[in-house]
Amino acid sequence: MKHATRRVVGLSLVSLTGLAAFVIVAMLALILLDVVKGGASHISWKFLTESPTDGMMGGGIFPALFGTAALTLLMTLAVMPVGVLTAVYLHEYAPPDGKLARAVRVAVANLAGVPSIVFGLFGLGFFILFVGKGLDRALGYEELHWAQPGILWASLTLAVLTLPVVIVSTEEALRAVPLDHRTASLALGATQSQTLARVVLPGALPGILTGAVLAISRGAGEVAPILFTGAAYFLPDLPSSLNSQFMHLGYHTYVLATQSPDVEATRPLLYATVMVLLLLTFALNLVAVLIRTRTRRKAASGH
Amino acid sequence: MLDRQAVMQEQDLAPPVALPMLSPEARRRQLKEKLIAWTITAVAFTGIAALVLILVFVAKEALSLVTDTAAREEASFSKMFLPQLVRKGKPLAYVWQPVSGVPKVSMIPLFIGTLKTTAVSMLVAVPLGIFGALFAAEFAPRRLREVLKPTIELLAGIPSVVLGFFALMVMASFLQETFGFTSRLNAVVAGLGLALAIVPVIFTVTEDALTAVPRSYREASLALGATPWETAWKVVLPAAAPGILAACVLGFGRAIGETMIVLMASGNAAITSANLGDSVRSLSATIAAEMGEVVVGSPHYALLFFIGVELFLFTFVLNMLAGIWTKKVIQRLKGGAG
Amino acid sequence: MPPTPATPRNKMESRDLTLRYGSKVAIKQVSLAIPEHKVTALIGPSGCGKSTFLRSLNRMNDLIAGANHEGTVFLDGRSIHDRTLDVVDLRRRVGMVFQKSNPFPKSIFENVAYGLRVGGLKDKAKLAARVEKSLRGAALWDEVKDRLDESALGLSGGQQQRLCIARALAVEPEVLLMDEPASALDPIATAKIEELIHELKATYTIAIVTHNMQQAARVSDRTAFFYMGELVECGPTERIFTNPQEKRTEDYVTGKFG
């Protein structure tokens with residue numbers, strides 16, 4: 001090819017890739033603009049603190065906010081110990097090239113790819129119909145108590161879904177703790193578990209927090225897994241016990257978007273709900289990014 | 001050779017003394033350490049257990065399709081996968097109508113629906129994701145790249161229900177006006193919504209694969225007089241090819257399993273046609289839409305779980321493939337040679 | 001100095017110690033004594049196994065995957081590989097200072113108190129007393145006594161290394177292993193560490209790995225020369241440097257290779 005043609009072809013192809021990147025960013029911008037344009041004016045203190053009224057055609061989203069918060073809190077309590085300890089096993093305890101460790105890694109990678117709706121089925125089939133039913137039988141409940149959709153089962157389902165997120169971030173955090181610190185601790189006569197508790201985990205804490213925040217952000221936005229495990233269309237009361245159903249921002253969005261009798265009337269409500277949900281997840285992601293960059297910078301400047 | 005004897009003598013090495021017992025304190029400490037190690041190992045089984053339990057319990061609820069005579073009658077595999085007589089005098093057809101006098105349970109319309117939305121999304125997301133990643137990894141100035149990556153992470157952080165909302169409220173109307181679709185919600189709308197969800201997946205995994213290619217590859221190519229584009233196309237892309245394939249497979253798996261976007265934007269009509277402008281019903285959306293009204297233990301209920309098993313297996317195979325290919329790119333680049 | 005006085009007590013001895021990483025032999029049948037209250041220097045070209053040998057004295061090599069050993073090491077006549085000697089107890093008795101100073105990202109006080117805390121000491125007054133004593137022992141007290149609560153990472157390189165020595169001393173070990181403790185330091189900080197080693201040998205038994213032959217000559221009573229995983233020669237430092245018996249030792253100490 002002649003030099004000039006080569007340059008033209010190259011330049012146009014490079015611009016093509018630039019265009020692709022631009023389109024992706026533009027789509028994000030479009031979504032954000034549309035949501036903010038449609039929702040910003042409707043967000044108010046009242047909207048955030050009131051219950052829905054008029055058959056969900058008016059009022060606020062407080063029960064959905066509360067339900068989302070309670071759900072993700074329970075989920076975090078369940079997923080963090082398991083996720084962190086699994087990562088600790090993989091990085092600190094497992095023999096290198098161990099078969100179990102490899103199996104755990106493969107399982108975790110595959111768990112991350114299981115469709116979220118399948119997690120919903122799993123939550124129904126395992127937590128509600130198997131564990132819940134078993135509990136009811138064991139505890140002597142005559143009517144359904146645990147064997148029904150509720151916030152505990154929904155949060156545990158989400159905990160299984162977010163497990164890979166926590167494991168992967170924690171392992172990255174453990175990798176960032178210098179080996180020096182472990183050997184120094186062991187040389188001073190600390191046991192492995194003392195080294196873990198006093199040196200390794202404190203050193204990995206920012207990364208573990210990043211994992212927690214990412215898991216919360218993921219868990220707060222997932223709707224499919226909670227469809228059959230506890231999310232409610234409308235509830236006048238906040239969830240009061242672990243087997244109560246709950247309202248949820250994401251599910252509320254789905255309901256408002258697809259099941260409203262009057263689309264135009266609910267539009268501002270819908271947009272405002274979406275905006276709150278987006279702000280929530282973006283804020284969480286931003287926190288995660290900030291923790292991560294801060295620790296990376298620290299790690300780079302330390303020593 | 002060394003004169004070991006001389007070395008020993010010079011140092012006056014003494015014989016060992018008798019061994020006392022392990023102190024009780026040390027024994028307690030060792031026991032505690034062992035307990036902790038066992039606990040941590042036991043917890044590590046959770047990930048494996050979760051994966052196995054998911055398959056077992058989703059399959060368990062679908063089991064009545066095989067074990068129960070009534071269910072086997074209503075939803076046999078031939079009824080699921082072969083064309084059936086729907087109405088007398090009409091040709092055989094594939095119909096999904098599980099709630100009706102005579103339930104029709106053909107999975108073919110659902111497969112077609114899933115394939116159509118997935119195909120549309122891949123058609124858009126693969127070039128966008130790969131080209132975008134190529135731009136970020138090869139051509140973008142540093143500052144731009146540092147903005148680009150977090151932006152795409154932000155896109156990845158958008159909950160799928162929000163993408164479904166956007167497809168339903170904004171894209172559907174726009175696309176209908178532009179292309180004149182007869183049904184407002186269709187495979188194209190759902191597919192484009194899906195594309196928004198899988199572009200970040202493809203972008204991120206591709207970008208990782210591209211940046212894993214050693215700088216020396218690029219320098220060698222540029223030194224031979226190749227332009228940056230030729231270097232990217234003929235050297236970097238082939239080196240990262242398995243990783244990019246893995247990216248596409250992961251995106252494909254995500255698209256097949258994604259629920260809320262399709263549920264909200266596809267129209268949910270189980271139509272068997274080749275027209276992308278028709279409404280479609282995907283496997284995942286079928287579960288989401290019908291599980292709420294189904295009688296626990298009925299053939300229809302078991303069928304929905306059976307769809308779950310199918311989705312699990314599809315994505316499992318795709319993930320394993322992606323894992324193998326990702327490993328391949330790492331090995332290849334570590335080994336140096338192709 | 002004439003040869004060592006009549007049989008000083010050997011604090012530690014290795015007996016035919018062979019150490020492999022997988023199938024690669026790192027040290028081969030090393031028999032070496034570490035006499036009590038003396039400084040034993042381990043010298044040799046890099047990769048000769050001197051560091052590996054040092055690390056095997058408090059079983060830090062156990063941490064490396066695929067490491068296995070034959071032969072053993074005696075501490076006060078007791079095999080350190082015996083099941084009746086707990087490795088944690090061993091490491092409390094045989095402390096270690098590493099080549100690269102590795103303070104924890106904690107305060108100066110907490111760094112020194114670390115070994116005591118993991119050993120179960122909770123009494124605040126006792127902790128403070130032991131921390132002060134150790135810092136004095138490492139000749140660091142006067143420099144840091146007013147900022148014990150500040151991060152150890154704010155200290156200079158030399159101070160950090162002395163902090164690591166103080167941290168090791170706090171556990172009151174009987175033996176102190178030092179793996180090129182001054183290699184990353186400037187001459188002034190190095191001189192301070194060497195001076196410290198002189199003072200410490202009254203209380204402790206010291207084994208030090210060094211690549212610096214002047215340093216070995218300055219600080220040690222006995223010197224062991226390692227080459228390709230084998231102990232070639234060992235004896236009083238002066239004799240090793242002035243009258244080596246082995247050709248390879250002579251070549252090395254006169255700077256012909258290494």
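A: Here is a walk through chain C, with some notes on chains A and B at the end.

Bear in mind from the start that this is a predicted model. Let's begin with the overall picture. Chain C comes to 10 helices and 10 strands. Its radius of gyration is 18 Å, close to the 18 Å that the globule rule gives for 258 residues, so chain C is as compact as a globular protein of that length. Laid along its principal axes, the C-alpha trace of chain C spans about 55 × 40 × 35 Å. Buried residues account for 51% of the 258 residues. As for contacts in chain C between residues at least 6 apart in sequence, 69% of them link residues at least 24 apart.

What does the record say? UniProt, in an unreviewed entry, puts "domain: ABC transporter" on residues 12-253 of chain C. That annotation may be inferred rather than shown by experiment. Over residues 12-253 the chain is 38% helix and 27% strand, and the end C-alpha atoms of the stretch sit 25 Å apart.

Now for a sheet. Four strands of chain C make an open sheet, in the order S2-S1-S4-S5, with antiparallel pairing. Strand S2 (24-35) and strand S5 (78-79) stand at the edges with a single partner strand each, so one side of each has no neighbour in the sheet. Take the S5(C) end: two bridges join S5(C) to strand S4 (residues 67-75) of chain C, and the two run antiparallel. If you want a pair to look for there, C:Phe74 stands opposite C:Ser79 in S5(C).

Between S2 and strand S3 (39-43) of chain C lies C:His37. The phi of C:His37 is near 55°, which is a positive value in a residue other than glycine. C:His37 is partly exposed, with 15 other C-beta atoms within 10 Å.

C:Glu180 has a phi of about 45°, although it is not a glycine. C:Glu180 is also a loop residue, placed between strand S7 (175-179) and helix H7 (187-200) of chain C. Is C:Glu180 buried or exposed? With 21 C-beta neighbours inside 10 Å, C:Glu180 counts as buried, given that the cut-off for buried is 20 or more. C:His37, by contrast, is partly exposed.

Helix H6 of chain C takes in residues 157-170, so to speak 14 residues in one run. From first C-alpha to last, H6(C) reaches 20 Å, close to the 20 Å expected at 1.5 Å a residue. Of its 14 residues, 13 are buried, so H6(C) is largely enclosed by the rest of the structure. Chain A has 10 helices and two strands, and from the N terminus on its elements run α-α-β-β-α-α-α-α-α-α-α-α. The C-alpha atoms of chain A fill a box of roughly 75 × 65 × 40 Å along the principal axes, and 51% of its 303 residues count as buried. Residues 24 or more positions apart make up 75% of the chain A contacts with a separation of 6 or more.

UniProt, again in an unreviewed entry, marks several stretches of chain A as "transmembrane region", including residues 111-131 and 151-174. Residues 111-131 are 90% helix and 0% strand, with end C-alpha atoms 21 Å apart. Residues 151-174 are 100% helix and 0% strand, and their end C-alpha atoms lie 32 Å apart.

Chain A has its own helix H6, at residues 151-176. H6(A) has 26 residues and reaches 36 Å from its first C-alpha to its last, close to the 38 Å expected at 1.5 Å a residue. H6(A) bends by about 45° at A:Thr162, and a proline, A:Pro164, follows within four residues. H6(A) is mostly covered, with 22 of its 26 residues buried.

Last, a quick look at chain B. B:Phe174 belongs to helix H8 (residues 160-179) of chain B. B:Phe174 is exposed, with 11 other C-beta atoms within 10 Å. From B:Phe174 to B:Ile108 is 66 residues in sequence and 30 Å in space, C-alpha to C-alpha.

Note on methods: Residues are numbered from 1 along each chain as its sequence is written. Chains are lettered from A and ligands numbered from 1 in the order in which they are written. This is a predicted model: local features need pLDDT of at least 70, side-chain atom pairs count only at pLDDT 80 or more; totals for chains, interfaces and linings use all residues. Two strands pair if DSSP finds at least two bridges between them. A residue is buried if 20 or more other C-beta atoms lie within 10 Å of its own, exposed if 12 or fewer, and partly exposed in between; C-beta atoms are placed from the backbone. The expected span of a helix is 1.5 Å times one less than its number of residues. The bend at a residue is the angle between axes fitted to the seven residues ending there and the seven starting there. The radius of gyration is taken over C-alpha atoms; the globule rule is 2.2 Å times the number of residues to the power 0.38. Two residues are in contact if their C-beta atoms, placed from the backbone, lie within 7 Å.
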